[in-house]
Amino acid sequence: MCGIVGYVGQKQASEVLIEGLKRLEYRGYDSAGLCVCHGGRLNLVKTAGRISALEEKIAGDDTIVAGTIGIAHTRWATHGEPNEANAHPHLDGPGKIALVHNGIIENYVTLKKFLQDKGYEFRSDTDTEVLVHLVSEFSRGGEVALETAVQLALAEVSGTYGLVVISADEPDKLVAARRGSPLILGVGTDEYVIASDASAILEHTANVIYLNDNEMAVVSRDGVRTMTIDNVPVSKEIQQIEWSLEQIAKGNYEHFMLKEIMEQPQSASQAITGRLDLREMRVVLGGLTEISRELAKVRRIIITSCGTAWHAGLVGEFIFEELAKIPTEVEYASEFRYRNPIIEEGTCVIVISQSGETADTLAAVREAKEKGALTLGFVNVVGSTIARETDAGIYLHAGPEIGVASTKAFTSQIIVEILTALMLGRGRFMSQSTMEQYIRELDAIPEKITKILEQSDRIKEIARTYSERENWLFLGRGYHYPIALEGALKLKEISYIHAEGLPAAEMKHGPIALINDGMPVVFVAPRCETYEKVLGNIEEVRARKGKIICVATEGDTDIEKLADHVIYVPDAPVPLQPLLTVVPLQLLAYHAAVIRGCSVDKPRNLAKSVTVE
Ligand code: AGP
């Protein structure tokens, strides 16, 4: 949700912290702040709004530029509105201890009362501020080591956190701890960078230590000590970040979202590379080898995830039932974790997540494991918590996805579902010839996506025509109903247009009442078994003067007679069609948002990784 950074080393901390915050801004961007320790004093600056506002505020402020150790934060408000007082870092009463936090302190009301009864004064409406006063309470004016005071404070806390603390009494030390929110430690040459994710660390080092839940680190110029929050030493392995700096930069694109939409031929290839053996014509999924016996016994699949990843799950339901003949259900992770799901022998729970840190999805993993299910993770971020906690999994290899609106991760999630279903299906009933056909078709997908991307300018003109309409509908059947949902979500989250996705046949059971003169209605209508039925639904909307935008299969001239606009995609076997039909909808949403002057990469009220419940 929020982004936190800590630095200790030789460089000017404020510069490193500001650059780190910029890399993490997609995690939350409603207020920001930093604190640097220099000359035994904590110097703090906070502001409402973007990192750029913070940068302006510290420009020329000598008290800030001096130090080589500090902490910083970019916020996605949960408790207390986005303003300067509620921005992090939070200071204790005497201004000796500062703290940044990502997560939610669930028992903060009780703790706040306890502290207020002891005379502590609160300057903000946040849950986080109780933490810094608790640490201050246990540090007893610096008599107690900072890490011990933090441990004592965390023993009182329930909830989630990724946090970094600094004290003027121990000016060379940072204390970091995590439970439920991600925290990574970058190990550089004579310097350390602590951050919510790797993108803020990469320009300093690729050597990282991933903290697990209930672990903490004491970082100083002399080195790092890692232990549990109960003070049991933990030895940690240094791992390598796979991504390059160039990959996390925008390049010549105006927005990360456009870059990531345009990268889909590569990201699709990367999801396939090394997993399609074109010589033996088989699927190879190294990440599942160890559990092949358990997989052979799978009798039921539950896919659980959130947002766009949930839409990928809905496509997966069709894919696993058609290509692997395994009964499959899809659950919102936020519902699954609380509804006491029935998990019998042979149940495999697949969780899908780009970030690998979404709190509801992580909790669903833990619930499924608690109930004895085999858990698989389809995740993009290497080393993320969901990747580490599932029994096995497959990385998407889509590369870093910075734009808040998920695009390339979605197509890679579907590819990984197809690969897994093909492997399971071939082990159960699928003939080698059918397998070979799907392998060839999947291998051809990247090129077909390239062809669709060439229509970006034409799609832009369609977006321009309707960008002022405040209500859109997206309709599809079968495999394409989830694509209609995804098209609607993309438009909603970046252009703030109200859009609804529906199974096309559901229209006449109510929503058709919404249709009025000129309302844009997008049909996902490639050639497939329900094509004729969709044509009927198009007629229903035309009769009520809705404006018809169709995504259709190349060469389909019939649909031209019914639609106001047609965006053609190459043909493909039905289970693979969602990989193609979603791309025009991503571009439609992107262009509509740009034309409406919206902040495409950082839409209001959203964050890239939802690490709180
Ligand atoms: C999609 O564009 C959104 N960013 C959001 O719905 C996202 O898909 C959801 O929060 C799940 O995130 P995850 O894939 O990182 O778990």
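**Helix α11 and its chain**

**View 1. Length of helix α11.** Helix α11 covers residues 307-323, and at 1.5 Å a residue its 17 residues should span 24 Å; the end C-alpha atoms lie 24 Å apart, which agrees. The expected span is 1.5 Å times one less than the number of residues. Helices (H or I, at least four residues) and strands (E, at least two) are DSSP runs, numbered from the N terminus. This is a predicted model, in which local features need pLDDT of at least 70, side-chain atom pairs count only at pLDDT 80 or more, and totals for chains, interfaces and linings use all residues. Residues are numbered from 1 along each chain as its sequence is written, and side-chain values use heavy atoms, leaving out hydrogens and water.

**View 2. Kink and end of α11.** A kink of about 25° is centred on Val 315; the bend at a residue is the angle between axes fitted to the seven residues ending there and the seven starting there. Lys 325, with a positive phi near 50°, follows the helix.

**View 3. Burial of α11.** The helix is largely enclosed by the rest of the structure, because 12 of its 17 residues are buried (under 20% relative accessible area, 1.4 Å probe, protein chains only). Among them are Trp 310, His 311, Val 315 and Phe 320.

**View 4. The surrounding chain.** The chain has 21 helices and 26 strands. Its C-alpha trace spans about 80 × 55 × 45 Å along the principal axes. Of the 613 residues, 62% are buried.

Terms used
Buried means under 20% relative accessible area, exposed over 50%, partly exposed in between (1.4 Å probe, protein chains only).
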